[in-house]
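Dear colleague,

Please find below the structure that I am handing over to you. A summary of the findings follows it.

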Amino acid sequence: MATRAASRSLLALLLVLTVSASDDFAPSPKADTLNIKNNCAFKVALVISPKQGSPALGFTAVELRPYEYALGIPMPHEWSGRIWGRTDCSTDGNGKFTCATGDCGSGRMECGGGGRRGEPATVAVFALGGKGGRDAYGISLDDGYNLPMQVSPYVFGASQGGRQCSPARCAVDLDAACPADQQVKAPGGRVVACKPSGNSGFLKNACSTAKSLSCAVVDTTYTVTFCPDNSEF
């Protein structure tokens with residue numbers, strides 16, 4: 001019996017999270033779902049942090065390898081939360097997991113309920129099923145910048161109210177242009193992130209497409225892409 005139960009649990013996990021290198025981003029019908037794509041040439045440790053009062057998504061924390069995907073994560077229609085990637089991560093001799101950017105201070109791959117960020121990160125923000133049934137989504141630079149990112153909605157029926165739901169993106173690399181007093185550097189001196197300053201004027205001006213959007217949608221698949229390329233625009 002124990003073996004059979006363990007097999008069912010493993011099957012359920014595999015149904016919730018599929019990591020692959022395929023380009024199949026077809027949406028799942030009659031549900032909001034989330035796909036994560038790491039299009040970077042380096043590993044990205046994913047964080048999905050629900051807002052207080054929203055449930056945790058059925059997802060096991062993972063460090064995505066370059067060009068690896070996490071597909072088909074179910075999202076409740078009224079879910080709210082934040083998603084970001086951690087980079088330049090390592091585990092020390094005591095098993096403590098830390099990252100140069102986006103670190104959440106837990107010392108583990110899992111961030112825990114708090115989801116605190118100790119280092120700057122580009123953040124995808126979601127508030128689904130709000131006023132009038134509209135989904136709000138976007139890219140926030142309020143906590144700094146560490147990765148180019150895009151949020152793309154895939155809406156059944158192709159349009160809502162005669163228009164397609166637009167992607168939100170900050171697809172430029174801002175590290176090189178980051179002012180010296182806002183730079184976060186790796187041990188070798190490479191700039192890996194940009195801290196916010198005041199009202200984050202430099203970041204917001206340099207990436208004006210990082211903003212909040214909304215669309216009157218019901219069944220949607222959202223794809224969050226780290227390091228999007230021209231084929232995603």
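Predicted model: local features only at pLDDT ≥ 70, side-chain atom pairs only at ≥ 80, totals over all residues.

Residues are numbered from 1 along each chain as its sequence is written, and side-chain values use heavy atoms, with hydrogens and water left out.

Strand 15 (residues 220–226) is largely enclosed by the rest of the structure, because seven of its seven residues are buried. Buried means under 20% relative accessible area, with a 1.4 Å probe and protein chains only; strands are DSSP runs (E, at least two residues), numbered from the N terminus. Strand 2 (residues 32–38) runs parallel to strand 15 and is joined to it by six bridges; Ile 36 has Val 224 as its bridge partner.

The whole structure holds two aromatic pairs. Rings of Phe, Tyr and Trp (its six-membered ring) pair if their centres lie within 6.5 Å; planes under 30 degrees apart count as stacked, over 60 as edge-to-face and the rest as tilted. Phe 126 and Tyr 222 are edge-to-face, at 5.2 Å centre to centre and 75 degrees between the planes. Tyr 222 is buried at 0% relative accessibility. The rings of Tyr 137 and Tyr 222 are tilted, with centres 5.5 Å apart and planes at 55 degrees. Phe 126, Tyr 137 and Tyr 222 form one aromatic cluster.

Asn 146, in the loop between strand 9 (134–140) and strand 10 (149–155), is buried at 4% relative accessibility.

Definitions and conventions:
Buried < 20%, exposed > 50% of the residue type's maximum accessible area, 1.4 Å probe, protein only. Helix = DSSP H or I, 4+ residues; strand = E, 2+ residues; numbered from the N terminus. Pairing = 2+ DSSP bridges.
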